[in-house]
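Try each task on your own before reading its solution.

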Number of protein chains: 2
Amino acid sequence: MAVKKIGQQTIQFQNPPKAISAYSIVGPKEGQGPLNIWFDEVLEDDMCQEKSFEKAEGRMLRNTIISAMKKCKKTPKDIDYMLGGDLLNQLMSTSYTARDLSIPFFGLYGACSTMTESISLASVLIDGGFADHVIAATSSHFSTAERQFRFPLEHGNQRPPTAQWTVTGSGALILSSEGSGPMVTHITTGKVVDYGISDVNNMGAAMAPAAADTIATHLSDTGRMPDFYDMILTGDLGEVGKKIVLDMLMGKGFSIEKVYNDCGLMIFDNSKQDTHSGGSGCGCSAAVFCGYIYKQLQSKKVKNILLVSTGALLSTISTQQGESIPGIAHAAVFSTA
Amino acid sequence: MAVKKIGQQTIQFQNPPKAISAYSIVGPKEGQGPLNIWFDEVLEDDMCQEKSFEKAEGRMLRNTIISAMKKCKKTPKDIDYMLGGDLLNQLMSTSYTARDLSIPFFGLYGACSTMTESISLASVLIDGGFADHVIAATSSHFSTAERQFRFPLEHGNQRPPTAQWTVTGSGALILSSEGSGPMVTHITTGKVVDYGISDVNNMGAAMAPAAADTIATHLSDTGRMPDFYDMILTGDLGEVGKKIVLDMLMGKGFSIEKVYNDCGLMIFDNSKQDTHSGGSGCGCSAAVFCGYIYKQLQSKKVKNILLVSTGALLSTISTQQGESIPGIAHAAVFSTA
């Protein structure tokens, strides 16, 4: 029997993995946002001395992982597995990074939910006694996402108020069976939820029902009230999605307003940075968590965090063929008990 | 300490998951091949009554999973997790299938290695006590892959002799903590290996070094000789890749020729079906394993199988930007001891 499962979709770890190291790199625009001082590195040039946006994203991700290893004095040989992915077709940034690092690699795709998907399976590998050190890492890049999912940058298209701004950023977390650091105590794995939203400029609304579903399931499974957490953080719902999540959870009997925020709203100052509904992308929750939240946990300014990265599982082809946008959200609990 | 790890990259399960059900669906061309009688279902029309190739692939995958559940009298509510992916950008077939089934979902991308990647992480979830029933499933479709990675079908382009034919097919395996069926006893997780091949019409050569690396590592980690296995099966290296693997392993001191075959060569009769170097695609090793091999294990005609699905982690963008093709191979051992 699955002894570590509680409720419907939640795992409670018996030997909670420790996050012994975290590192974040963000682009210039993200570096001008409110979390500026918390990121480990802010790029002066988001081309990273590469010739294409895609190679720049790959280099940013690789540097993030290498720096995360350095911070805890590990080399690729010490790492049992690397888990991660990005938004590019066939995970281009992550695949080439895994090649350069030569660490056994599980490629994951959960759109912008990939950070907590990676943390979830990395934690399973450690808690289950299969690994001692596992890297969970993701990245996104405004310029790669924009031209893959929307329009060439040169097109200069207008963006509606519901649109979000893909974060140029990456985060890497090293989870370990030993050492010290915030612990991953639970994960709640999401189902794909689709309420029929088909507007690709309104991803927040498309992902919000999945986030609400995962958060409600997590609270039911664990029997916890929202105020158990210092913060409940969704990945990149933006202003539109945030309101929907609050409403939907209220409808399910959970008032999370006092502790709730969204990484996509935290990373930019929308009044000055013109990012419309807020930030998005795999790199959004990864950089906000590995940059800002991780340090708050380390200094014990916060003790219990529910991180819920949120993904929209559309493709340009599914949109062209008239499909709506399926959402998914995976939750991971970090505690400093 | 990682008590279940042996050697460099191998996990030995202490409570090996049982493959209690398997189902395979293939397209008409695959149904005319030598494994004809072993597939659970052969499509008369590979459009599956849908209006697009992509939706047809999604329907094939969904039907495969539903039939695999029916075979062992399970419903989606009995399944803890679904793991899988496909070749389409953003895993279109699998994402929409996961939406329709409403099972907690981890999306994976390992190109054509996705079947053993899914089996690996599914086994970890069960052996570690995190789940009782997990689905591992993948699909590929000739017409979706061809137009995404190569040319519009209407273009009728010529194919060089090293080119492979993407299999229209899908396979779903249900792994369980209880019940009976072939057991997954070990997994060996691959690193990304890249020998600099950049010819997208020679994927076999691009993937072969990764396959040789994973097979050699598996044999070293376990201390087993190749003839421990009734069959060592790579996913889709085709004729070109098969020869390279044999050569490379000979160079590493392993002679696997007597027990070695490639699913891409088994699924088509190249002398009659004009598939050039052989079959490829996520669905290739998935359908050959779930259709043919699983039944050989059930009837104990074979007892120990090393399945090594092989993936080429390229994208059209990486190719356009002059990158070579990184390969990866993940191995899973099935035993009927």
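Predicted model: local features only at pLDDT ≥ 70, side-chain atom pairs only at ≥ 80, totals over all residues.

**Exercise 1. Describe chain A as a whole.**

*Task.* What radius of gyration does chain A have, and what would a compact globule of 337 residues have?

*Solution.* A compact globule with 337 residues would have a radius of gyration near 20 Å, and the 18 Å of chain A agrees with that. For the outline, take the principal axes: the C-alpha atoms of chain A fill a box of roughly 50 × 50 × 35 Å.

Now look inside. Chain A has eleven helices and 15 strands, and 65% of its 337 residues count as buried. Of the contacts in chain A between residues at least 6 apart in sequence, 80% join residues at least 24 apart.

**Exercise 2. Work out how the two chains are related.**

*Task.* What rotation superposes chain B on chain A, and how many residues of each chain are in contact with the other?

*Solution.* Begin with the general idea: two copies of a chain are related by a rotation about an axis and a shift along it. Here the rotation is 180° and the shift along the axis is 0.0 Å, with an RMSD of 0.0 Å. This is the relation of a two-fold axis.

Turn to the contacts: 57 residues of chain B touch 57 residues of chain A. On the chain B side, α2 (53–71), β5 (81–86), α3 (92–101), β6 (105–107), α4 (114–127) and α11 (316–320) each supply at least two residues. By class, that side has 28 nonpolar, 17 polar and twelve charged residues.

The last step compares the two sides. Since 100% of the interface residues of chain B are also interface residues in chain A, the copies meet through the same surface.

**Exercise 3. Look at a helix of the interface.**

*Task.* How many of the ten residues of α3(B) are buried, and what covers them?

*Solution.* Nine of the ten are buried, so α3(B) is largely enclosed by the rest of the structure. Among the buried residues are B:Met92, B:Tyr96, B:Arg99 and B:Leu101.

The cover comes from both chains: it includes α11 (316–320) of chain A, together with α2, β5, β6 and β7 (133–140) of chain B. Just past the helix, B:Ser102 takes a positive phi of about 55°.

**Exercise 4. Trace the neighbours of two strands.**

*Task.* Which strands pair with β7(B), and which pair with β10(A)?

*Solution.* Take β7(B) to begin with. Eight of its eight residues are buried, so β7(B) is largely enclosed by the rest of the structure. On one side lie B:His133, B:Ile135, B:Ala137 and B:Ser139, and on the other B:Val134, B:Ala136, B:Thr138 and B:Ser140.

One partner is β5(B), parallel, over six bridges; there, B:Leu83 stands opposite B:Ala136. Another is β9 (169–176) of chain B, antiparallel, over eight bridges, where B:Ala137 has B:Ala172 as its bridge partner.

Now move to β10(A), residues 183–188, where six of six residues are buried. β2(A) joins β10(A) through three antiparallel bridges, and A:Gln12 is partnered with A:His186. β15 (327–335) of chain A also pairs with β10(A), antiparallel, over five bridges; in that pairing A:His186 has A:Val333 as its bridge partner.

Technical notes
Residues numbered from 1 in each chain as written. Chains lettered and ligands numbered in written order. Least-squares fit on C-alpha atoms with pLDDT ≥ 70 in both. Contact = placed C-beta atoms within 7 Å. Helix = DSSP H or I, 4+ residues; strand = E, 2+ residues; numbered from the N terminus. Nonpolar A, V, L, I, M, F, W, Y, C, P; charged D, E, K, R; others polar. Rg over C-alpha atoms; globule rule 2.2 N^0.38 Å. Buried ≥ 20, exposed ≤ 12 C-beta atoms within 10 Å, placed from the backbone. Pairing = 2+ DSSP bridges.
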